[in-house]
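Me: I have a new structure open and would like to go through it step by step. Can you take my questions as they come?

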There are 2 protein chains.
Amino acid sequence: MAISLYWEDLQPGSVRDLGSVSVDAEQIKEFAAKYDPQPFHLDEEAGRQSMFGGLAASGWQTACLAMRLTVDNMLRHTASKGSPGLESLKWLKPVYPGDQLNLRHTILESRPMKSRPDTGLVRSRWEMFNQHGDKVLEMEGYGMFGRRSPANT
Amino acid sequence: MAISLYWEDLQPGSVRDLGSVSVDAEQIKEFAAKYDPQPFHLDEEAGRQSMFGGLAASGWQTACLAMRLTVDNMLRHTASKGSPGLESLKWLKPVYPGDQLNLRHTILESRPMKSRPDTGLVRSRWEMFNQHGDKVLEMEGYGMFGRRSPANT
(Lines give C-alpha, C1' and ligand atoms only; values in the text may rest on other atoms or scores of the structure.)
Protein backbone atom coordinates (compact mmCIF):
# COMPACT_ATOMS: atom_id res chain seq x y z
CA MET A 1 0.00 0.00 0.00
CA ALA A 2 1.51 3.31 -1.07
CA ILE A 3 1.91 6.07 1.48
CA SER A 4 -0.33 8.98 0.57
CA LEU A 5 -0.60 10.83 3.87
CA TYR A 6 2.34 12.45 5.60
CA TRP A 7 2.41 14.56 8.76
CA GLU A 8 1.85 17.73 6.69
CA ASP A 9 -1.46 16.28 5.40
CA LEU A 10 -2.93 15.66 8.86
CA GLN A 11 -4.40 19.03 9.71
CA PRO A 12 -6.11 20.07 12.96
CA GLY A 13 -9.88 20.22 12.62
CA SER A 14 -10.09 17.47 10.03
CA VAL A 15 -12.67 14.78 10.79
CA ARG A 16 -12.60 11.27 9.33
CA ASP A 17 -15.19 8.50 9.38
CA LEU A 18 -13.04 5.43 10.03
CA GLY A 19 -15.78 2.93 9.26
CA SER A 20 -17.65 0.40 11.34
CA VAL A 21 -17.33 -3.04 12.86
CA SER A 22 -19.65 -5.40 14.69
CA VAL A 23 -18.97 -7.82 17.47
CA ASP A 24 -20.80 -11.05 18.36
CA ALA A 25 -21.03 -13.14 21.53
CA GLU A 26 -18.39 -15.63 20.41
CA GLN A 27 -15.87 -12.86 19.67
CA ILE A 28 -16.60 -11.23 23.03
CA LYS A 29 -15.98 -14.49 24.90
CA GLU A 30 -12.89 -15.38 22.87
CA PHE A 31 -11.24 -12.01 23.53
CA ALA A 32 -12.17 -12.11 27.21
CA ALA A 33 -10.78 -15.62 27.67
CA LYS A 34 -7.41 -14.36 26.45
CA TYR A 35 -7.12 -10.89 27.93
CA ASP A 36 -9.90 -10.03 30.38
CA PRO A 37 -11.47 -13.18 31.86
CA GLN A 38 -13.98 -11.50 34.17
CA PRO A 39 -17.30 -13.39 34.44
CA PHE A 40 -19.44 -10.62 32.85
CA HIS A 41 -17.26 -10.77 29.69
CA LEU A 42 -17.39 -14.59 29.49
CA ASP A 43 -20.88 -15.73 30.32
CA GLU A 44 -24.41 -14.48 29.55
CA GLU A 45 -25.83 -15.31 32.98
CA ALA A 46 -22.94 -13.63 34.82
CA GLY A 47 -23.45 -10.64 32.54
CA ARG A 48 -27.17 -10.47 33.40
CA GLN A 49 -26.32 -10.45 37.10
CA SER A 50 -23.70 -7.70 36.66
CA MET A 51 -23.98 -3.92 36.32
CA PHE A 52 -23.96 -4.46 32.52
CA GLY A 53 -27.28 -6.35 32.55
CA GLY A 54 -25.96 -8.80 29.95
CA LEU A 55 -22.82 -10.22 28.36
CA ALA A 56 -20.62 -7.21 27.57
CA ALA A 57 -17.34 -6.83 25.68
CA SER A 58 -14.12 -6.04 27.52
CA GLY A 59 -13.31 -2.35 27.15
CA TRP A 60 -9.93 -3.45 25.83
CA GLN A 61 -11.67 -5.27 22.99
CA THR A 62 -13.57 -2.11 22.08
CA ALA A 63 -10.29 -0.16 22.06
CA CYS A 64 -8.60 -2.86 19.94
CA LEU A 65 -11.48 -2.79 17.44
CA ALA A 66 -11.06 0.99 17.21
CA MET A 67 -7.35 0.50 16.57
CA ARG A 68 -8.06 -1.99 13.79
CA LEU A 69 -10.42 0.45 12.07
CA THR A 70 -7.81 3.19 12.45
CA VAL A 71 -5.14 1.05 10.78
CA ASP A 72 -7.41 -0.17 7.97
CA ASN A 73 -8.96 3.17 7.12
CA MET A 74 -6.20 5.64 7.93
CA LEU A 75 -2.79 4.48 9.20
CA ARG A 76 -2.09 2.07 6.35
CA HIS A 77 -2.09 5.05 4.01
CA THR A 78 0.20 7.11 6.25
CA ALA A 79 3.85 7.22 7.23
CA SER A 80 2.85 6.02 10.73
CA LYS A 81 5.65 5.77 13.27
CA GLY A 82 3.76 4.54 16.31
CA SER A 83 2.42 6.30 19.37
CA PRO A 84 3.85 7.47 22.69
CA GLY A 85 0.46 7.02 24.33
CA LEU A 86 -2.98 8.31 25.22
CA GLU A 87 -4.09 11.21 27.38
CA SER A 88 -7.41 9.61 28.15
CA LEU A 89 -9.49 6.53 27.41
CA LYS A 90 -13.14 6.50 28.47
CA TRP A 91 -15.44 3.49 28.44
CA LEU A 92 -18.76 5.32 28.39
CA LYS A 93 -21.32 2.60 27.67
CA PRO A 94 -21.23 -1.21 27.54
CA VAL A 95 -20.78 -2.96 24.18
CA TYR A 96 -23.15 -5.90 23.71
CA PRO A 97 -23.27 -8.80 21.23
CA GLY A 98 -24.61 -7.62 17.87
CA ASP A 99 -23.63 -4.00 18.40
CA GLN A 100 -22.53 -2.14 15.29
CA LEU A 101 -19.77 0.32 16.18
CA ASN A 102 -18.79 3.34 14.10
CA LEU A 103 -15.54 5.22 14.60
CA ARG A 104 -14.93 8.94 14.11
CA HIS A 105 -11.45 10.47 14.19
CA THR A 106 -10.75 14.16 14.73
CA ILE A 107 -7.33 15.79 14.58
CA LEU A 108 -6.96 18.19 17.50
CA GLU A 109 -3.40 19.44 17.23
CA SER A 110 -0.22 19.02 15.22
CA ARG A 111 3.38 19.98 15.81
CA PRO A 112 6.87 19.06 14.59
CA MET A 113 9.09 16.97 16.87
CA LYS A 114 12.25 18.80 17.85
CA SER A 115 14.03 15.57 18.66
CA ARG A 116 13.22 14.02 15.25
CA PRO A 117 13.40 16.35 12.24
CA ASP A 118 11.77 13.71 10.01
CA THR A 119 8.73 13.20 12.27
CA GLY A 120 5.69 15.18 13.41
CA LEU A 121 3.32 14.62 16.30
CA VAL A 122 -0.48 14.63 15.89
CA ARG A 123 -2.98 14.69 18.76
CA SER A 124 -6.33 13.09 17.93
CA ARG A 125 -9.68 12.19 19.40
CA TRP A 126 -11.38 8.88 18.62
CA GLU A 127 -15.11 8.51 19.26
CA MET A 128 -16.93 5.24 18.81
CA PHE A 129 -20.73 5.12 18.62
CA ASN A 130 -23.13 2.18 18.68
CA GLN A 131 -26.14 1.68 16.39
CA HIS A 132 -28.31 3.71 18.80
CA GLY A 133 -26.00 6.72 18.49
CA ASP A 134 -24.64 6.28 22.03
CA LYS A 135 -20.95 7.01 22.43
CA VAL A 136 -19.34 3.87 23.87
CA LEU A 137 -15.64 4.84 23.70
CA GLU A 138 -13.68 8.08 23.60
CA MET A 139 -9.90 8.34 23.46
CA GLU A 140 -7.47 11.19 23.05
CA GLY A 141 -3.86 10.54 22.23
CA TYR A 142 -0.83 10.97 20.09
CA GLY A 143 0.53 9.56 16.86
CA MET A 144 3.91 10.11 15.21
CA PHE A 145 4.04 10.49 11.43
CA GLY A 146 6.82 10.82 8.91
CA ARG A 147 7.19 14.26 7.29
CA ARG A 148 7.13 14.76 3.56
CA SER A 149 9.76 17.46 4.01
CA PRO A 150 12.04 16.97 7.01
CA ALA A 151 12.92 20.09 8.97
CA ASN A 152 16.30 21.66 8.39
CA THR A 153 18.56 20.49 11.18
CA MET B 1 -13.32 -18.13 43.11
CA ALA B 2 -14.46 -16.53 46.36
CA ILE B 3 -14.36 -12.77 46.69
CA SER B 4 -11.86 -11.77 49.33
CA LEU B 5 -11.19 -8.13 48.45
CA TYR B 6 -13.82 -5.43 48.65
CA TRP B 7 -13.48 -1.70 48.07
CA GLU B 8 -12.66 -1.18 51.76
CA ASP B 9 -9.61 -3.47 51.40
CA LEU B 10 -8.05 -1.52 48.52
CA GLN B 11 -6.14 1.16 50.35
CA PRO B 12 -4.16 4.06 48.83
CA GLY B 13 -0.42 3.47 48.99
CA SER B 14 -0.66 -0.30 48.71
CA VAL B 15 1.62 -1.84 46.08
CA ARG B 16 1.06 -5.24 44.48
CA ASP B 17 3.30 -7.36 42.27
CA LEU B 18 0.83 -8.68 39.69
CA GLY B 19 3.22 -11.23 38.21
CA SER B 20 4.89 -11.60 34.86
CA VAL B 21 4.24 -12.72 31.32
CA SER B 22 6.38 -13.22 28.24
CA VAL B 23 5.56 -12.69 24.60
CA ASP B 24 7.04 -14.42 21.54
CA ALA B 25 7.20 -13.49 17.84
CA GLU B 26 4.22 -15.66 16.89
CA GLN B 27 2.01 -14.08 19.57
CA ILE B 28 3.09 -10.59 18.46
CA LYS B 29 2.19 -11.31 14.83
CA GLU B 30 -1.07 -13.05 15.70
CA PHE B 31 -2.28 -10.13 17.82
CA ALA B 32 -1.18 -7.58 15.22
CA ALA B 33 -2.94 -9.42 12.40
CA LYS B 34 -6.21 -9.09 14.32
CA TYR B 35 -6.02 -5.66 15.90
CA ASP B 36 -3.02 -3.60 14.74
CA PRO B 37 -1.76 -4.79 11.34
CA GLN B 38 1.03 -2.26 10.90
CA PRO B 39 4.13 -3.70 9.15
CA PHE B 40 6.49 -3.30 12.14
CA HIS B 41 4.15 -5.46 14.27
CA LEU B 42 3.80 -8.16 11.59
CA ASP B 43 7.18 -8.72 10.01
CA GLU B 44 10.79 -8.87 11.27
CA GLU B 45 12.29 -7.06 8.26
CA ALA B 46 9.71 -4.26 8.41
CA GLY B 47 10.44 -4.01 12.14
CA ARG B 48 14.19 -3.68 11.48
CA GLN B 49 13.55 -0.85 9.06
CA SER B 50 11.25 0.95 11.51
CA MET B 51 11.94 3.20 14.50
CA PHE B 52 11.66 0.05 16.67
CA GLY B 53 14.74 -1.58 15.09
CA GLY B 54 13.01 -4.99 15.11
CA LEU B 55 9.66 -6.73 15.28
CA ALA B 56 7.78 -5.05 18.16
CA ALA B 57 4.47 -5.80 19.88
CA SER B 58 1.47 -3.54 19.40
CA GLY B 59 1.10 -1.27 22.38
CA TRP B 60 -2.46 -2.57 22.64
CA GLN B 61 -1.11 -6.08 23.13
CA THR B 62 1.11 -4.87 25.97
CA ALA B 63 -1.92 -3.20 27.59
CA CYS B 64 -4.02 -6.35 27.12
CA LEU B 65 -1.30 -8.50 28.72
CA ALA B 66 -1.27 -6.09 31.67
CA MET B 67 -5.05 -6.46 31.94
CA ARG B 68 -4.77 -10.26 31.94
CA LEU B 69 -2.23 -10.17 34.77
CA THR B 70 -4.49 -7.75 36.66
CA VAL B 71 -7.47 -10.11 36.36
CA ASP B 72 -5.50 -13.25 37.23
CA ASN B 73 -3.63 -11.83 40.19
CA MET B 74 -6.03 -9.28 41.61
CA LEU B 75 -9.47 -8.69 40.07
CA ARG B 76 -10.61 -12.31 40.26
CA HIS B 77 -10.39 -12.05 44.04
CA THR B 78 -12.30 -8.77 44.16
CA ALA B 79 -15.85 -7.53 43.77
CA SER B 80 -14.81 -5.88 40.48
CA LYS B 81 -17.49 -3.84 38.73
CA GLY B 82 -15.61 -2.64 35.67
CA SER B 83 -13.90 0.63 34.84
CA PRO B 84 -15.01 4.01 33.52
CA GLY B 85 -11.62 4.52 31.91
CA LEU B 86 -8.00 5.62 32.09
CA GLU B 87 -6.44 9.02 32.71
CA SER B 88 -3.30 8.13 30.82
CA LEU B 89 -1.64 5.29 28.96
CA LYS B 90 2.04 5.62 28.04
CA TRP B 91 3.94 3.32 25.71
CA LEU B 92 7.45 4.12 26.94
CA LYS B 93 9.64 1.47 25.28
CA PRO B 94 9.08 -1.14 22.57
CA VAL B 95 8.26 -4.73 23.57
CA TYR B 96 10.25 -7.31 21.59
CA PRO B 97 9.90 -11.08 21.13
CA GLY B 98 11.19 -12.93 24.18
CA ASP B 99 10.69 -10.01 26.54
CA GLN B 100 9.65 -10.93 30.06
CA LEU B 101 7.24 -8.33 31.42
CA ASN B 102 6.52 -7.74 35.09
CA LEU B 103 3.54 -5.73 36.32
CA ARG B 104 3.35 -3.54 39.42
CA HIS B 105 0.09 -2.06 40.66
CA THR B 106 -0.14 0.88 43.06
CA ILE B 107 -3.34 2.26 44.54
CA LEU B 108 -3.28 6.06 44.36
CA GLU B 109 -6.68 7.10 45.65
CA SER B 110 -9.99 5.73 46.86
CA ARG B 111 -13.43 7.21 47.36
CA PRO B 112 -17.05 6.13 47.69
CA MET B 113 -19.38 6.69 44.72
CA LYS B 114 -22.24 9.01 45.57
CA SER B 115 -24.36 7.66 42.75
CA ARG B 116 -23.91 4.02 43.84
CA PRO B 117 -23.98 3.37 47.59
CA ASP B 118 -22.81 -0.22 47.08
CA THR B 119 -19.73 0.74 45.04
CA GLY B 120 -16.43 2.53 45.57
CA LEU B 121 -13.97 4.01 43.08
CA VAL B 122 -10.22 3.27 43.16
CA ARG B 123 -7.59 5.14 41.14
CA SER B 124 -4.51 3.05 40.36
CA ARG B 125 -1.21 3.14 38.52
CA TRP B 126 0.06 0.17 36.52
CA GLU B 127 3.74 -0.06 35.62
CA MET B 128 5.13 -2.79 33.41
CA PHE B 129 8.88 -3.44 33.27
CA ASN B 130 10.91 -5.65 30.94
CA GLN B 131 13.73 -8.01 31.96
CA HIS B 132 16.24 -5.14 31.71
CA GLY B 133 14.29 -3.09 34.26
CA ASP B 134 13.06 -0.63 31.61
CA LYS B 135 9.53 0.59 32.08
CA VAL B 136 7.62 -0.26 28.88
CA LEU B 137 4.07 0.71 29.90
CA GLU B 138 2.50 3.03 32.45
CA MET B 139 -1.23 3.54 32.93
CA GLU B 140 -3.32 5.43 35.45
CA GLY B 141 -7.02 4.81 35.70
CA TYR B 142 -10.10 3.87 37.62
CA GLY B 143 -11.76 0.72 38.82
CA MET B 144 -15.14 0.28 40.52
CA PHE B 145 -15.43 -2.23 43.35
CA GLY B 146 -18.28 -3.55 45.44
CA ARG B 147 -18.34 -2.42 49.08
CA ARG B 148 -18.43 -4.84 51.98
CA SER B 149 -20.66 -2.37 53.77
CA PRO B 150 -22.86 -0.20 51.53
CA ALA B 151 -23.23 3.42 52.55
CA ASN B 152 -26.44 4.46 54.26
CA THR B 153 -28.66 6.04 51.63
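Me: What should I know before reading any values?

Reply: This is a predicted model, in which local features need pLDDT of at least 70 and side-chain atom pairs count only at pLDDT 80 or more, while totals for chains, interfaces and linings use all residues. Residues are numbered from 1 along each chain as its sequence is written, chains are lettered from A and ligands numbered from 1 in the order in which they are written, and side-chain values use heavy atoms, with hydrogens and water left out.

Me: OK, how many helices and strands are in chain A?

Reply: Chain A has 4 helices and 5 strands. These are DSSP runs, numbered from the N terminus, with at least four residues (H or I) for a helix and at least two (E) for a strand. From the N terminus on, the order is β-α-α-α-α-β-β-β-β. The C-alpha trace of chain A spans about 60 × 25 × 25 Å along its principal axes.

Me: Which strand does S3(A) form a hairpin with?

Reply: S3(A) forms a hairpin with S4(A), with 2 residues between them. The two strands, residues 100-113 for S3(A) and 116-129 for S4(A), run antiparallel and are joined by 11 bridges. Strands count as paired if DSSP finds at least two bridges between them. A:Arg111 stands opposite A:Leu121 in S4(A).

Me: And what joins S1(A) to S3(A)?

Reply: There are 6 bridges between S1(A), residues 15-22, and S3(A), and the strands run antiparallel. One example is A:Val21, whose bridge partner in S3(A) is A:Leu101.

Me: Switching to the two chains. How many residues are in contact?

Reply: 34 residues of chain A are in contact with 34 residues of chain B, contact being heavy atoms within 4.5 Å. The area buried between the chains is about 2,800 Å², and carbon and sulfur atoms give 62% of that. Buried area here is the accessible area (1.4 Å probe) that two parts lose on being put together, summed over both.

Me: Which three residues supply more than any others of the area chain A buries?

Reply: A:Tyr35, A:Trp60 and A:Trp91, which supply 24% of the area that chain A buries against chain B.

Me: Where do the strands come in?

Reply: S2(A) pairs with S2(B), residues 85-91, in the antiparallel sense over 4 bridges. There, A:Lys90 has B:Gly85 as its bridge partner.

Me: How are the two copies related?

Reply: A rotation of 180° with 0.0 Å of shift along its axis superposes chain A on chain B, with RMSD 0.0 Å. The two copies are therefore related as by a two-fold rotation axis. The superposition is by least squares on the C-alpha atoms of residues with pLDDT of at least 70 in both. In chain A, A:Ser88 comes closest to the axis, at 2.6 Å (C-alpha). The same surface serves both copies, since 100% of the contact residues of chain A recur in chain B.
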